[in-house]
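The sequence and the structure come before the discussion.

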Amino acid sequence: MARIMQVHDSIVIAAQPLELYEQIADPSQMGRWSPENTGAEVPHPGSPATVGMTFTGSNRRGRARWVTSCTVTEAVPGERFTFEVTAIGPTKPLLKGRIARWSYTFEPADGGTLVTETWTDGRTRWPDAVASRFDRFVTGGRLFSDFQRGNIARTLAALRADVEGTPRPGDERAPRD
């Protein structure tokens, strides 16, 4: 069976497209919402990234820690933000190659903005069997497509809770019915 190379999810958030774009397009903020990303070193923290800008992302999954080198490939304020992960490593992003692409779109919708997050597997040269074994090893038994589908859903839910000022799903401080 061929592996799934792209997954996405969407959510409506009660905010304007430009407001959401400005937060997502500052990679140093992603650690606020992502279950894996813990932030990024960017040239201008607090400002949206521009096409061609590179940044270093820091990540964790359980006890595993790694860093990535990323390059912004699309930055259309209020509409679309995309970056490519071009290198990865445990303490420095030394292993170069097409690793992944992350993209965010922002569309006006009833109640706010429809935000769509998309992950595209960049490992197109990896044989499916090798990728499957690797994926299951590093994710605790799941394929990256399934794993990333869950990460995207959690990221979008956390973004909405943060922007709208509501409790995050699973937050023990959330009011009970």
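## Burial and contacts

In this predicted model, 44% of the 177 residues of the protein count as buried, where buried stands for a relative accessible area under 20%. When contacts between residues at least 6 apart in sequence are considered, 47% of them join residues at least 24 apart.

## Fold and dimensions

The protein contains three helices and seven strands, and their order along the sequence reads β-α-β-β-β-β-β-β-α-α. The protein is as compact as a globular protein of its length, because its radius of gyration of 16 Å is close to the 16 Å that the globule rule gives for 177 residues. Along the principal axes, the C-alpha trace extends over about 45 × 40 × 30 Å.

## Surface and charge

About 9,900 Å² of the protein is accessible surface, and carbon and sulfur atoms account for 54% of that area. The protein carries 22 positive and 21 negative charges, and the mean position of the positive charges lies 11 Å from that of the negative charges.

## Helix α3 and the residue after it

Helix α3, formed by residues 144-164, has 21 residues, and the distance from its first C-alpha to its last is 30 Å, which is close to the 30 Å expected at 1.5 Å a residue. Just after α3 comes G165, for which the model gives a positive phi of about 70°.

Definitions and conventions. Residues numbered from 1 in each chain as written. Predicted model: local features only at pLDDT ≥ 70, side-chain atom pairs only at ≥ 80, totals over all residues. Heavy atoms only, no water. Helix = DSSP H or I, 4+ residues; strand = E, 2+ residues; numbered from the N terminus. Rg over C-alpha atoms; globule rule 2.2 N^0.38 Å. Buried < 20%, exposed > 50% of the residue type's maximum accessible area, 1.4 Å probe, protein only. Contact = heavy atoms within 4.5 Å. Areas by Shrake-Rupley, 256 points an atom, 1.4 Å probe, with all protein chains shown as cover. Lys, Arg positive; Asp, Glu negative; His and termini not counted. Charge placed at Lys NZ, Arg CZ, Asp CG, Glu CD. Expected span 1.5 Å × (residues − 1).
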